[in-house]
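Here's a quick briefing to read alongside the model. Have the sequence and the 3D view open as you go.

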Amino acid sequence: MRRHNAQIVQQLFFQHCCCGNTITTAARNGSSSSSRNNSRFVLAVIALASVFIITIEIIDKIHYDDGLWIRLLGRDHVGIVNNQWCEAVNADVNRFIMEPSNARSDYFFILIGAWMIVYGIRDFKRLNLTEINPPVTEIVMTYDIVPAHLDDIIATNTHNAEHDTEVGLDRSSTQAVTFTNDDIKNPLLQYPQLSIGNGIFNIMHGLGSFFYHSCECNTWFASEADGAGMLAVVSFPMFYTISQLFITSTSRSDLVKNNVLATIPLLGQGILWLMAILNKVDANPVFQKIFYVDAALIPLVWLYFKFWNNRRSTRKHKLLAWLPIISLALFAVGYGAWILDKKKIWCFRGPKYITWMRGHALWHLLSAGSLFCMYMYFRTESITISVQNSIKLRASSKISRAV
């Protein structure tokens, strides 16, 4: 017994001395790896967005003011927005981009769409690696003797062992501790198609709005695509709430149900987009109604998770409430700029860098920021379940007395 306890003391000192350096080295390596991954992520986003932006700018260089839209669509079908925006007043219909600031500000939608797509691809790779090398979620540790403190070991060596030998006491104890992983992924991380699909709709919206302000034409790839993309991106919070509420586990038994629930946002966005492209719905009034639903649902769901579900369930949610507040603030300021631009109040004239401050261009910038904040609100949701630990103790004793 004395020799056995001495071995335990040596093992504890060895782990304390060696593991500290190992953890420090691992932390440094993890930090370096994380920095490299972040750099690759940003480069991938820029590369994807640049494919669209550079292509557009090359076309603009080639057909800067040669009347491309007039040749393609006819004079009666271009430049017909009736001076709705500051930049549309006296716009040159021969230019490829008739409203430069309003059109190029749509690049922000393309950028956040690329950001979401790259996020989804990274999530997909992570899930594949997890399937190939599944993490250990249960660890069982068994010790012959589990002392509370190091002093107990020393005391056992100097006193208890001798006492047990004298009275003939044989002690043995076993402790088994089971740790379960208490962190589960939220639906946006667990089902990458949600990020990829929403990113595609944001890029489609950005392209539709760009061409609408470039040709000032009512065609399927311009005004209809602008309205359709607008409905698709603003409806994501409304449809995603269904997945957020009803995907409550990641067990294999719920695999089919969860995949169906994860399909609902993309299906809903796709139906709205298609209906708007086919002119089955008027995009502007529908956009307003969906926005009101979003504005009501998000705080209600937050209150539900905060004060009801978290008190009645082992599934706990942590949501960054300040993100939707910022999202709403950006949207409100942007919408105000949109109104002032339409009324010809917020019109800046002068150098090109000043025209980017026009109301409609700011509307695009701020609404893109609003959409990004809402996406990050859902993505940063932290979901945990209660820790499940089981401790088993087994003790046996044998006492023999000399007569």
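A residue counts as buried under 20% relative accessible area, as exposed over 50%, and as partly exposed in between. With that in hand, Lys316 comes out as partly exposed, because its relative accessibility is 33%. Bear in mind that this is a predicted model.

**Positive patch**

- Lys316 is one of the residues of a positive surface patch, along with Lys306, Arg311 and Lys318.
- Patch residues need over 30% relative accessible area, and Lys316 has 33%.
- Look for Lys316 in strand S4, which spans 316–318.
- Two elements, helix H11 (283–312) and strand S4, each bring at least two residues to the patch.

**Helix H9**

- Helix H9 covers residues 236–246, and eight of its eleven residues are buried, so the rest of the structure largely encloses it.

**Disulfide Cys86–Cys347**

- The model has two disulfides, and one of them links Cys86 with Cys347, at an S to S distance of 1.6 Å.
- Cys86 sits in the loop between helix H2 (68–73) and helix H3 (100–104), while Cys347 sits in the loop between helix H12 (322–342) and helix H13 (352–355), so the bond ties together parts 261 residues apart in sequence.
- The torsion about the S-S bond of Cys86 and Cys347 is about -65 degrees, which makes this disulfide left-handed.
- Buried or partly exposed, where do the two ends fall? Cys86 is buried, because its relative accessibility is 2%, whereas Cys347, at 22%, counts as partly exposed.

**Disulfide Cys215–Cys217**

- Cys215 pairs with Cys217, with the sulfurs 1.8 Å apart.
- Here the S-S torsion is about -60 degrees, so the Cys215–Cys217 disulfide is left-handed.
- Both Cys215 and Cys217 are buried.

**Cysteine overview**

- Counting bonded cysteines along the chain, the disulfide pattern reads 1-4, 2-3.
- Another cysteine to look at is Cys373, which is buried, with a relative accessible area of 12%.

Note on methods: Residues numbered from 1 in each chain as written. Predicted model: local features only at pLDDT ≥ 70, side-chain atom pairs only at ≥ 80, totals over all residues. Heavy atoms only, no water. Patch = residues over 30% accessible without salt bridge, like charges linked within 9 Å, V, L, I, M, F, W, Y side chains within 5 Å. Areas by Shrake-Rupley, 256 points an atom, 1.4 Å probe, with all protein chains shown as cover. Salt bridge = Lys/Arg side-chain N within 4 Å of Asp/Glu carboxyl O. Lys, Arg positive; Asp, Glu negative; His and termini not counted. Charge placed at Lys NZ, Arg CZ, Asp CG, Glu CD. Helix = DSSP H or I, 4+ residues; strand = E, 2+ residues; numbered from the N terminus. Buried < 20%, exposed > 50% of the residue type's maximum accessible area, 1.4 Å probe, protein only. Disulfide = S-S within 2.5 Å.
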